[in-house]
Amino acid sequence: MDHMFAGKTIVITGAASGIGRATALLFAQRGGKVVVSDVNTAGGEETVNKIKAAGGEAVFFEANVGIAGEVNQLMDFAVSHYGSLDIGINNAGIGGPRMRLGDISAEAFDEIISINLHGVFYCMKSEIQHMLKGKGGVIVNVSSVAGMRALPLSAAYSASKHAVLGLTRTAAVEYSRKNIRINAVCPVFTRSAMVDKMFELDPRLEERLVQAIPLGRYGEPEDIAGSIAWLCSPEAAFVTGLCLPIDGGMTA
């Protein structure tokens, strides 16, 4: 077992499935103490059970990232339970309805922004406050290739993911002298419950979208988890403010 993250406390939001679960499993495999968080209690507990079955260490804490108070409770719990907060992976997010901007309701727009943007802000703010009290740390925000280019019929989602990159770059510069590195990953469509549901609603979409990915396939959660782990590792000690596309060559 690789013990690269031995002694490190890692908080991962949206860890009940998909990218979040794969990332939690990888960090635990590499020796980290993982706080698994999600609004999906059953899925979150399943992630914890998978980690423990493999000999790792993890605990679940239910929190809605769209509520600042719950985010603060999550980060406080991580510190009280494991003694520190070293790495924050802000992954929780939602997709929303596929429609043109003029047809999106204000309520639907606000819901997406609440989770995908406000949620990342709340997490970063709380993580940074704890890291400033300690020895610093690393934060990785999960944006999307839709944060780097247009995603027709998903204006609210795309806007939220563009904004996450702005938060990432700005905070990375603000806290670079405080031993806090902050980066983002921008995955292309990655196999997850959210993406699979989108394809179920429009089966033709699955075949059409993959044509835009030069490597000829969709991402797997493990593809993204590996890049996140690298950004948090000593091998990336000189990397901050990076918004890394993990997209099979799409943006190229």
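This is a predicted model: local features need pLDDT of at least 70, side-chain atom pairs count only at pLDDT 80 or more; totals for chains, interfaces and linings use all residues.
Residues are numbered from 1 along each chain as its sequence is written, and side-chain values use heavy atoms, with hydrogens and water left out.

**Exercise 1.** Work out the strand order of the open sheet and find which strands stand at its edges.

*Solution.* 
- Start with the order: seven strands run E3-E2-E1-E4-E5-E6-E7, with parallel pairing. Strands are DSSP runs (E, at least two residues; helices are H or I, at least four), numbered from the N terminus, and two strands pair if DSSP finds at least two bridges between them.
- Now the edges: E3 (57–62) and E7 (243–246) each have a single partner strand, so one side of each lacks a neighbour in the sheet.
- Zoom in on E3: six bridges tie it to E2 (residues 33–38), and Ser 37 sits opposite Phe 61 in E3.

**Exercise 2.** Describe how H3 packs against H4.

*Solution.* 
- Geometry first: H3 (residues 68–82) and H4 (residues 106–133) pack at about 35 degrees, axes 9 Å apart. Axes are lines fitted to C-alpha atoms, for helices over the stretch in contact, and angles run from 0 to 180 degrees between N-to-C directions.
- Next, the residues: in contact (heavy atoms within 4.5 Å), H3 contributes Ala 68, Val 71, Asn 72, Met 75, Asp 76 and Val 79, while H4 brings Tyr 122, Cys 123, Ser 126, Glu 127 and His 130.
- Last, the sheet: H3 also lies across E1 (9–13), E2 and E3, at about 155 degrees to E3.
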